Amino acid sequence: MSETLPLAGIRVVEFTHMVMGPTCGMILADLGAEVIKVEPLAGDNTRRLLGSGAGFYPMFNRNKKSISIDVKNPIGREIILKLVAGADVFSENFKSGTMDKLGFGYSALSKLNPSLIYVSHKGFLPGPYDNRTALDEVVQMMGGLAYMTGPAGQPLRAGASVNDIMGGMFGAIGVLASLQQRNRTGHGQEVASALFENNVFLVAQHMMQFAVTGKPANPMPNRLSAWAVYDVFTVKDGEQIFLSAVSDTQWALLCKEFAFDDLKADTRLGSNNERVQNRSFLIPILRERFAALSAKELSERFEKVGLPYAPITRPHELFDDPHLLATGGLAPVTIAADNTSSGKDIETRAALLPLALNDERLRIRNAPPRIGADTIELLQSLGYSNVEIDGLRDQGIIRSAEPNPQ
């Protein structure tokens, strides 16, 4: 299977941690690249995070290999340079200057390997902000996304690592474009992706809204919706459900299905824009009428006539989503004990990349690796003998572990 994937034969050397860099590597690995995760002897420090970070390592490091090595040791650096000499891509997401201090900056590595594509994932692209320390939450606050997500006066971080994940995705897009260009020129290049610029791209529609209307965008909970019916409704037994009708055709279907003849005949509600302008009286009426119906009945009736609706689902409930289960959107995976804070192996399922090639999803070929699971194999591929490898281990330059069971 891996030999038939688009990036089969591409080798990536990855110096990443947290979410942004690992996401880039995961995408490339899912597409078939050999992604070698370089870890310190103690392992990636996100392996055993608690709370909201507990899913970072298990989610974003599948299909990769792990080599655990002391890169501050000259012998360790020599090993990395040997890996890079035969690599296609080098990926990193450490603070600016870190790779240069280790001798792994773009200038040094491009001289060693002129065809190398070097992708950096940073908080900011070069400029006045590039020395700031950035996190997803930082750029959401300074980049307008938190303002747009929360109610007025209550900026709120989005409920997922949106900039980290998308920043890694744009890094991967840059790598794919650079691979295509290298096919023509034979030369690699430097690629940069950044959290802040990614966040600006996410809110650019609201920037353009201001340019077109002359009015600042209101936070999403307080916005003037583009659609008349586009709301969360509290219904029978206190359940909640999202219901919408975003066109004149859908409005007619809604009125017919629920016998809202009076609303259909109301001249103030003749078009979507007119309904938007009269939401102040329309939505309370709909809330009152839908309140007596169950979420189940509303779902069935909206489904029957093709109107958009959605249950209010918590992330863990997606493990049992019938569509994901039927379409293979979740793949079984074993998370090794040293990859979690639980101290035990965990059998679970992970979400695959949201795309299909020739109607096939990109599978999990290998679980997230144990610390140094591939150290010995990779050193052997570089020509190191077993005696030399034992010596490196004894000197505390490398760490090795048994590979994950397949």
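Q: Is Pro368 buried or exposed?
A: Pro368 counts as buried because its relative accessibility is 0%. Buried means under 20% relative accessible area, exposed means over 50%, and partly exposed lies in between, with a 1.4 Å probe and protein chains only. Please note that this is a predicted model, in which local features need pLDDT of at least 70 and side-chain atom pairs count only at pLDDT 80 or more, while totals for chains, interfaces and linings use all residues. Residues are numbered from 1 along each chain as its sequence is written, and side-chain values use heavy atoms, without hydrogens or water.

Q: Where in the chain is Pro368 found?
A: Pro368 is in the loop between strand S13 (360-361) and helix H16 (375-381). Helices (H or I, at least four residues) and strands (E, at least two) are DSSP runs, numbered from the N terminus.

Q: Changing topic: what is the strand order in the open sheet?
A: The order is S6-S5-S4-S1-S2-S3-S14, giving an open sheet of seven strands with mixed pairing. Two strands pair if DSSP finds at least two bridges between them.

Q: Which strands stand at the edges?
A: They are S6 (190-194) and S14 (398-399); each has a single partner strand, so one side of each lacks a neighbour in the sheet.

Q: How do S1 and S4 run, parallel or antiparallel?
A: S1 (residues 11-15) and S4 (residues 89-92) are parallel and are joined by four bridges. Val12 has Val89 as its bridge partner in S4.

Q: Which strands does helix H3 lie across?
A: Helix H3 (residues 74-85) lies across S1, S2 (34-39), S3 (64-69), S4 and S14, and runs at about 155 degrees to S3. Axes are lines fitted to C-alpha atoms, for helices over the stretch in contact, and angles run from 0 to 180 degrees between N-to-C directions; contact means heavy atoms within 4.5 Å.

Q: What about H1: how many of its residues are buried?
A: Helix H1 (residues 20-30) is mostly covered, with eleven of its eleven residues buried. Among them are Met20, Cys24 and Asp30. Cys24 is buried because its relative accessible area is 0%. Just after H1, Gly32 adopts a positive phi of about 115 degrees.

Q: How many disulfides are there?
A: There are zero disulfides, a disulfide being a pair of cysteine sulfur atoms within 2.5 Å. Cys255 is another buried cysteine, with a relative accessible area of 2%.

Q: In which sense does S7 pair with S8, parallel or antiparallel?
A: The pairing is antiparallel, over six bridges; Asp231 has Leu243 as its bridge partner in S8. The hairpin of S7 and S8 has five residues between the strands, and there Asp237 takes a positive phi near 60 degrees.

Q: What does Ser244 touch?
A: Leaving out residues up to four places away in sequence, Ser244 touches Val229, Tyr230, Gln250, Phe302, Leu307 and Pro308. Ser244 belongs to strand S8 (residues 240-245) and is buried, with a relative accessible area of 1%.

Q: Finally, how many aromatic pairs are there?
A: The count comes to 15 aromatic pairs. Rings of Phe, Tyr and Trp (its six-membered ring) pair if their centres lie within 6.5 Å; planes under 30 degrees apart count as stacked, over 60 as edge-to-face and the rest as tilted.

Q: Why is the pair of Phe233 and Phe290 edge-to-face?
A: The ring planes stand at 90 degrees, with centres 5.4 Å apart, so the pair is edge-to-face. The two residues are 57 apart in the chain, Phe233 in strand S7 (residues 229-234) and Phe290 in helix H13 (residues 279-290). Phe290 is buried at a relative accessible area of 1%. Phe260 and Phe290 form a tilted pair, at 6.0 Å centre to centre and 50 degrees between the planes.

Q: What lies over the face of Phe233?
A: Arg287 does, at 4.9 Å from the ring centre. A charge sits over a ring if NZ of Lys or CZ of Arg is within 6 Å of the ring centre and within 35 degrees of the ring normal. Likewise, the charged end of Arg132 sits over the ring of Tyr129, 4.1 Å from its centre.
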